[in-house]
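Hi everyone, thanks for coming. Let me put the structure up, and then I'll walk you through a few places in it.

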Amino acid sequence: MSAATDSAAAPTAETPILELRNVSKRFVKPLDAAAKIANVFGAGLKDEIVHAVDDVTMTVADGEVVGLVGESGCGKSTLGRVVAGVHPATSGTVLFRGRKLSTQSAAEARDTALKVQMIFQDPMSSLNPRLRVQDIVGEAPRVHGLVDAKGMEDYVAEMLTRVGLDPSYARRYPHQFSGGQRQRIGIARALAVNPDFLVCDESVAALDVSIQAQVLNLFMQLREQFNLTYLFISHDLGVVEHLSDRVVIMYLGRVVETARTEDIFTSANHPYTQALLAEVPRLDTRKRKFVPVKGEIPSPLNPPPGCHFHPRCPHATERCRVEQPLLKEIAPGRWSACHLNDGA
Amino acid sequence: MANSDVPTLEVRNLQTHFFTRAGVVKAVDDVSFAVRPGEILGLVGESGSGKTVTGFSILGLVDEPGRVVDGEMLYKGENLVNASDERMRQLRGNNIAMIFQDPMMTLNPVLRIDTQMIEAIQAHENVSRAEAWERSRAALQQVGIPAAEERLKSYPHQFSGGMRQRVAIAIALLNKPDLIVADEPTTALDVTIQGQILYEVQKLCEETGTAMIWITHDLSVVAGLADEICVMYAGRVVEHGSVDAVLDNPTHPYTHGLINSVPSRNKRGQPLSQIPGMTPSLLNLPPGCPFKTRCPRVGPDCEVTPEITHPVVGRDVRCHYPVPAGEDAARAGATASPEVTA
């Protein structure tokens with residue numbers, strides 16, 4: 001597997017389990033008939049294009065937990081979906097264990113799809129309310145021939161035990177469970193096809209603190225048991241700090257900073273990361289003076305030119321308004337996209 | 001902040017029950033607290049702990065089959081429990097305002113912002129439309145909405161989530177209330193937007209002396225914002241004291257567990273200390289302490305509902321075996337409970 005050796009992103013040991021090279025995802029809203037007619041008369045209307053993910057290059061090493069952080073609308077969920085194969089990338093290459101997703105044969109693609117599983121934010125909307133838990137968890141392994149009809153009951157029971165649910169609940173429906181239990185069903189469903197890689201999209205955001213702690217512990221325990229790799233998408237920096245080995249910060253579709261978790265939380269480089277960290281409420285800061293970042297995330301339909309963060313950045317210069325900063329390695333394993341790093 | 005001794009709102013032994021076909025749900029069971037002018041009280045609890053129903057009870061918004069069955073809510077000495085519907089209507093939005101988690105609960109989607117704001121002013125005061133408009137504009141500016149004049153003409157859907165919440169807060173501020181009940185107003189927002197809103201709220205309470213009840217499940221927000229904290233569990237306040245004291249030295253095992261399950265308090269990568277089990281159903285709650293099934297310090301006395309005690313000065317705690325200062329709840333429980341049973 002030599003495909004990944006000339007990796008452009010942060011180098012990690014061996015072939016990374018996942019590699020993204022210049023991956024972009026654009027959503028295009030084509031012109032409707034009325035607009036097309038208007039264009040005939042010179043209205044000059046254009047397709048609406050959203051650059052949800054814009055030229056992202058990153059790697060995830062085997063067994064690593066990578067936290068993907070950003071505000072709503074920054075494209076983190078879209079990136080997660082591209083990785084999980086829900087959306088195809090518009091351009092760029094996604095490599096899973098060094099092999100391009102786009103050139104895989106049908107059988108290979110199916111194997112990859114099984115190896116990458118996704119856990120969603122709201123278990124109520126990602127679990128079919130009309131199916132019993134045994135069908136929710138057991139359907140995929142049955143279809144993919146991992147288990148036969150006779151063995152299914154035992155198999156489902158084993159999966160439920162793995163995530164800390166009583167196997168006797170297998171005949172219940174999702175609405176008969178609490179939020180935390182439902183999230184566990186979602187995890188059991190993902191684990192049922194023996195994945196290597198889990199994309200967790202805000203998987204603990206909807207849970208109460210005490211339940212969140214239980215689910216986070218479960219994630220960590222499963223990681224050790226089954227040598228899982230996670231792409232953990234969250235807006236909650238506290239959770240990401242706790243769980244991740246490495247953190248990727250996104251802003252308006254672009255990666256602005258990547259570093260090991262300790263480095264990000266002790267010495268953030270990018271002004272956006274710094275601002276984000278300053279805003280995180282912590283138990284130990286009391287009666288603090290809130291000093292807010294100005295403005296809010298601009299519309300991805302019409303992002304600002306140059307560095308996307310410049311309208312909100314306290315250090316913005318003329319250069320930031322014009323030129324897009326590239327993601328550069330500023331220290332071993334630390335990447336940041338900011339002109340300020342180019343010296344004074 | 002004159003006469004800050006007189007509380008803006010004092011809640012005494014509030015009981016709000018829901019009479020469902022399946023039985024009586026004691027959503028709020030004997031809750032007492034007070035907020036003084038300029039003070040922010042954090043009401044913390046997990047889903048189903050009764051924190052929202054407490055907020056709704058204060059504004060008289062509890063619907064059938066729910067009812068405030070007992071207790072007093074004294075707004076500047078006036079008992080709101082006995083207030084007529086007409087009196088409540090006068091107070092609501094004028095003296096006492098509420099901010100909801102979802103701003104679309106406050107805003108009418110088919111009316112422009114200016115229409116809604118002017119209506120809120122004219123419902124309580126006899127002022128001209130022009131004056132009401134000017135006050136609306138000032139309120140939007142106060143919560144940091146740029147180009148307030150332009151934005152007044154917009155419809156709610158033309159605002160982003162954070163901006164919409166600001167509009168909801170601006171509407172709450174319109175009539176300069178003495179008390180604002182904020183029910184998870186920043187839960188759905190991004191951290192940077194949350195920071196902006198907390199900044200506005202903090203400034204407001206300092207400058208105008210508005211008292212605030214901040215209902216949330218997020219302990220870290222309360223840590224940065226509030227003066228006092230009430231921790232609720234299964235309809236009861238289990239611990240009440242100043243933010244510093246409660247967060248640094250929690251005495252109720254539930255508060256202890258809650259603080260320890262916040263990721264930032266734990267070492268990275270280490271398992272989080274978790275509270276086993278889940279919140280009990282409030283329907284037919286078994287007698288005794290509702291936390292006993294999840295508590296590491298449970299003992300024989302827990303079969304009896306604990307009354308409020310004061311193990312530390314200035315602290316109300318409902319627990320038979322409070323955690324002594326500086327001790328680890330779980331470890332203490334492991335050694336303490338056999339002693340008690342013996």
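**Two residues and two interfaces**

Let's start with D190(B), which lies in the loop between β7 (179-183) and α7 of chain B. Helices here are DSSP runs of H or I with at least four residues, strands are runs of E with at least two, and both are numbered from the N terminus. Before going on, a word on the source: this is a predicted model, where local features need pLDDT of at least 70 and side-chain atom pairs count only at pLDDT 80 or more, while totals for chains, interfaces and linings use all residues. Residues are numbered from 1 along each chain as its sequence is written, chains are lettered from A and ligands numbered from 1 in the order in which they are written, and side-chain values use heavy atoms, with hydrogens and water left out.

So, is D190(B) buried or exposed? D190(B) counts as buried because its relative accessibility is 10%; the cut-offs are under 20% relative accessible area for buried, over 50% for exposed and partly exposed in between, with a 1.4 Å probe and protein chains only. Leaving aside neighbours within four places in sequence, D190(B) is in contact with E71(A) and S72(A), contact meaning heavy atoms within 4.5 Å. With S72(A) there is also a side-chain to side-chain polar contact, at 2.5 Å. By polar contact I mean a pair of N or O atoms within 3.5 Å; within protein, one must be able to donate a hydrogen and the other to accept it, and residues adjacent in sequence count only if both atoms are side-chain atoms.

That brings us to the chain interface. How many residues of chain A are in contact with chain B? It is 40 residues of chain A, against 49 of chain B. The two chains bury about 3,800 Å² between them, 53% of it on carbon and sulfur atoms; this is the accessible area (1.4 Å probe) that two parts lose on being put together, summed over both. On the chain A side, L283(A), R286(A) and F290(A) supply 20% of the buried area, more than any other three residues. The rule finds 11 residue pairs in polar contact across this interface, both at pLDDT 80 or more. Among the elements giving two or more residues to that side of chain A are α9 (237-243) and α10 (261-266), but the largest share, 9 residues, comes from α8(A).

Staying with chain B, the division is into domain 1 (1-95 + 175-277 + 308-328) and domain 2 (109-174), with bounds from an automatic or database domain assignment. Taken over C-alpha atoms, the centres of these domains of chain B are 28 Å apart. Here 16 residues of domain 1 touch 16 of domain 2, and the area buried between them is about 1,200 Å², with carbon and sulfur atoms giving 54%. In domain 1 of chain B, N175(B), I197(B) and E200(B) lose the most area to domain 2, together 41% of what that side buries.

Last stop, R254(A), in strand β10 (residues 254-260) of chain A. R254(A) is buried too, with a relative accessible area of 14%. Which side chains make polar contacts with the side chain of R254(A)? One is D54(A), at 3.4 Å, and another is H308(A), also at 3.4 Å. Not counting residues up to four places away in sequence, R254(A) touches I249(A), G306(A) and Q324(A) as well as D54(A) and H308(A).
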